[in-house]
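Biologist: I would like to go through this structure with you, one topic at a time. Could you begin with strand pairing and then move on as I ask?

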Amino acid sequence: MGGIGKRAFGRSNMQVKAVIFDWAGTLVDFGSLAPVLSLQKVFEQAGVTVAAEDVRAYMGLGKLDHIRNLGMREKVARAWADAHGGAGFEDADAVALFEAYRSVNRRVASERGKLIGGALKTSGALRERGILIGTTTGYSRDIMEHVTAVARAQGFEADTVVCADDVPESRPSPLAVYQVLVTLGVYPASSVVKVDDTVPGLMEGKAAGCWTVGIGETGNALGLDEEAFAALPARERLDLANMAAKRLTDAGADYVVGSGADIPAIIDDINERLADGERPELTEYEPAAA
């Protein structure tokens, strides 16, 4: 047999039909700080100090799952027990923190809703080529209503937004991507590109059979706001960007770029690969136990 994904005869006429973006760290909120600041705040209100690096370890998950995982992280769980008379972190605690988080994050995510440089230009370039724009997010619908309103005021609007609570199972499950494809009427998944700054977000795309592009500089993988990133010495900035890119590459991203501004050039390359009969690798996803 021939190479994996190659056609036996001629060239395919398949082209990229849609791009599915993440939000925080990819389209808005350079550095993906809103989720970090909000989660630190609600844990602090519960008497527990949580480091940003611990919060970022689970970034990209739906926020209830994010809180569950964070609360069970060894040093966080230990701090929780110390602050609560030895009581362990329970699912009821995660649910209560999630409700508090939603209130805090609605405000913080709106405040951090500035579009990342290049987002408008990229969306315009995709529109000119007839490529649809979908989005998925680890945020719940009530939070995203505020974020999308802020983005719309700056000139950006997606064709569809699928939130963590719109599907039975959030990232790294492919269900949100599937819902985007159905809403947009786009198939096969190999004609779609998933763009994300987190590992669960990339896994979401790979499990659906999409091409995946990791965002290295503007999101969670690097984790600095725009001013802090720009203020770094050039060598340090390059080293950090390279480390962020490696994490995303190791997670299986087909491409890694600095920001969403680089997406149009990636589309050109993917179209060439599609024309040659190449298809993205599908990563099997095992659903969570019932």
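Modeller: Ala18 has Val192 in E4 as its bridge partner. The model is a predicted one, in which local features need pLDDT of at least 70 and side-chain atom pairs pLDDT 80 or more, while totals for chains, interfaces and linings use all residues. Residues are numbered from 1 along each chain as its sequence is written, and side-chain values use heavy atoms, with hydrogens and water left out.

Biologist: In which sense do strand E1 and strand E4 pair, and over how many bridges?

Modeller: E1 (residues 18-21) and E4 (residues 192-196) pair in the parallel sense, over four bridges. Two strands count as paired if DSSP finds at least two bridges between them. Strands (E, at least two residues) and helices (H or I, at least four) are DSSP runs, numbered from the N terminus.

Biologist: What is the order of the strands in the open sheet?

Modeller: The order is E3-E2-E1-E4-E5-E6, six strands with parallel pairing. Strand E3 (160-162) and strand E6 (255-257) are the edge strands, each pairing on one side only. From one strand to the next, the twist averages 25°; axes are lines fitted to C-alpha atoms, for helices over the stretch in contact, and angles run from 0 to 180 degrees between N-to-C directions.

Biologist: Changing topic, which residues have the most contacts inside the largest nonpolar core?

Modeller: They are Val19, Trp23, Phe43, Ile67, Tyr139 and Val193, in a core of 57 residues. H5 gives the most to this core, with seven residues. A nonpolar core is a set of buried Ala, Val, Leu, Ile, Met, Phe, Trp, Tyr and Cys residues joined through side-chain atoms within 4.5 Å. Buried means under 20% relative accessible area, exposed over 50% and partly exposed in between, with a 1.4 Å probe and protein chains only. Apart from that core lies another of 14 residues, including Leu181 and Cys210.

Biologist: What does Phe43 touch, leaving aside residues up to four places away in sequence?

Modeller: Its contacts (heavy atoms within 4.5 Å) include Val48, Ile67, Trp80, Phe89 and Leu97. Phe43 is buried, at 0% relative accessibility.

Biologist: And the aromatic pairs, how many are there in the whole structure?

Modeller: The search finds five. Rings of Phe, Tyr and Trp (its six-membered ring) pair if their centres lie within 6.5 Å; planes under 30 degrees apart count as stacked, over 60 as edge-to-face and the rest as tilted. The pair of Phe30 and Phe229 is tilted, because the planes stand at 40°, with the centres 6.2 Å apart. Phe30 is in the loop between E1 and helix H1 (33-45), and Phe229 is in helix H10 (residues 226-231), 199 residues apart. Both Phe30 and Phe229 are buried.

Biologist: Is the pair of Phe43 and Phe89 stacked or tilted?

Modeller: Stacked, at 6.3 Å centre to centre and 20° between the planes. Phe43 lies in helix H1 and Phe89 in the loop between H4 and H5, so the pair ties together parts 46 residues apart in sequence. Phe89 is buried, at 9% relative accessibility. Phe43, Trp80 and Phe89 form one aromatic cluster.

Biologist: Where does Gly88 lie?

Modeller: Gly88 is in the loop between helix H4 (74-83) and helix H5 (91-111). Gly88 is partly exposed, at 36% relative accessibility. Beyond four places away in sequence, Gly88 touches Trp80 and Asp93.
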